[in-house]
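Please take a look at the sequence and the structure before reading on.

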Protein chains: 2
Amino acid sequence: MSNNSCGTSRIAGCKFTLYPMSDQFVDIILGVLEEVDTSKVWKDTDDVSTCVRGKMVHVFDVTKALFLYAAKTGEHVAMSGTFSIGCPGDTDADSYMDEADTPLNEAKSNQVSQEAGCKFSLYPMGREDYMDAIYEQIDLSKHRNVEVSASHYATRLDGDVKDIFGALHQSFDSVQEEVSHVTMSFTISANSPSNKA
Amino acid sequence: MSNNSCGTSRIAGCKFTLYPMSDQFVDIILGVLEEVDTSKVWKDTDDVSTCVRGKMVHVFDVTKALFLYAAKTGEHVAMSGTFSIGCPGDTDADSYMDEADTPLNEAKSNQVSQEAGCKFSLYPMGREDYMDAIYEQIDLSKHRNVEVSASHYATRLDGDVKDIFGALHQSFDSVQEEVSHVTMSFTISANSPSNKA
């Protein structure tokens, strides 16, 4: 579709915030940032959010690990963010695209079991037939080891954190193969004291 | 543009989560839900997020008041969410569109002064010229009593919470007059112990 999508890897990114609902939120965030290896992504944090950029595989590896390690503290932890690729206004700067594809945190993440609930919305940009891509992905999510349900403005996924991020990654990846500019917003929550609706 | 946008009011919605970074997060959320008058919107909450639906004026009035009253506790509080209007997959159900336009929480909200930082991204859907609408809104934001700056994947607004929500509301409203289906994701944060970048 776009010149960028053929052959060469494209810069993916995620702008997110990690929310530990705890007086210890600073320690939890700093501890997780210490624990997760973020050396294969460009990273910038301010008082509102963190942005990571690089190859898609590392962007998902890092965001998954950050949420997973924060959730395994047992505190009620959530993360909201938006994945993005192919924005025509994007720059080539602020990314590490020469890294090898091996995800640095996967082996350690695979040792953690953690249930969570997630709502996500896919936005394929600049295409009149965008709803088809959305419906197709909602359908595909059903085969990815997660429980899929509908909610207003989003699709809900329930299951293990690793399976949820796996479904997010596959959905995002397959849509960006068809549509040059794609964004995907998500909120994932673990250890909530609320009963599910 | 769409049949829905001419004459009759359209159903707007916001799916959001309020995040008090505090051991008292349950009390803060319940207290705020008690304090804010949500009677002019349809509302549903589960363990991941809250959804409000109705006339645009009330959707913004309620989300602004919820964040504002949570922030005035002095705790570090954030809210992430997505406003949406005109989704072709939306239903007419779950909304209160017969309410009068007077926002129920505005007078009380106007009495609270609270600084915050916000990042938002507009997604006009189904249009090949969507980037024009985005650039136009980023430009317009500069005249709305808030400090505007660029960041990856988002526009940053700094200022009083009421001015920030005012800018979000105007941006969203003016784009949805041109484009039938629009979503807008945002994260707003107050009382953060982090220094600004």
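This is a predicted model: local features need pLDDT of at least 70, side-chain atom pairs count only at pLDDT 80 or more; totals for chains, interfaces and linings use all residues.

Residues are numbered from 1 along each chain as its sequence is written, chains are lettered from A and ligands numbered from 1 in the order in which they are written, and side-chain values use heavy atoms, with hydrogens and water left out.

**The domain record.** An unreviewed UniProt entry places "domain: Thiamin/hydroxymethyl pyrimidine-binding YkoF putative" at residues 11-90 and 115-195 of chain A; such annotations may be inferred rather than shown by experiment. Residues 11-90 of chain A are 34% helix and 34% strand, with end C-alpha atoms 9 Å apart. Helices (H or I, at least four residues) and strands (E, at least two) are DSSP runs, numbered from the N terminus.

**Where the chains meet.** In contact terms (heavy atoms within 4.5 Å), 59 residues of chain A meet 59 residues of chain B. The two chains bury about 4,600 Å² between them, 63% of it on carbon and sulfur atoms; this is the accessible area (1.4 Å probe) lost on putting them together, summed over both. On the chain A side, Asp47(A), His152(A) and Tyr153(A) lose the most area to chain B, together 18% of what that side buries.

**Two residues to look up.** Relative accessible area under 20% means buried, over 50% exposed, and in between partly exposed (1.4 Å probe, protein chains only).

| Residue | Relative accessibility | Class |
|---|---|---|
| Ser84(A) | 3% | buried |
| Asp90(B) | 27% | partly exposed |

Ser84(A) sits in strand E4 (residues 77-85) of chain A. Leaving out residues up to four places away in sequence, its contacts include Ile11(A), Phe172(A), His181(A) and, from the other chain, Tyr153(B). Asp90(B) belongs to the loop between E4 and helix H3 (106-109) of chain B. The C-alpha atoms of Asp90(B) and Ile11(B) are 9.0 Å apart, although 79 residues separate them along the chain.
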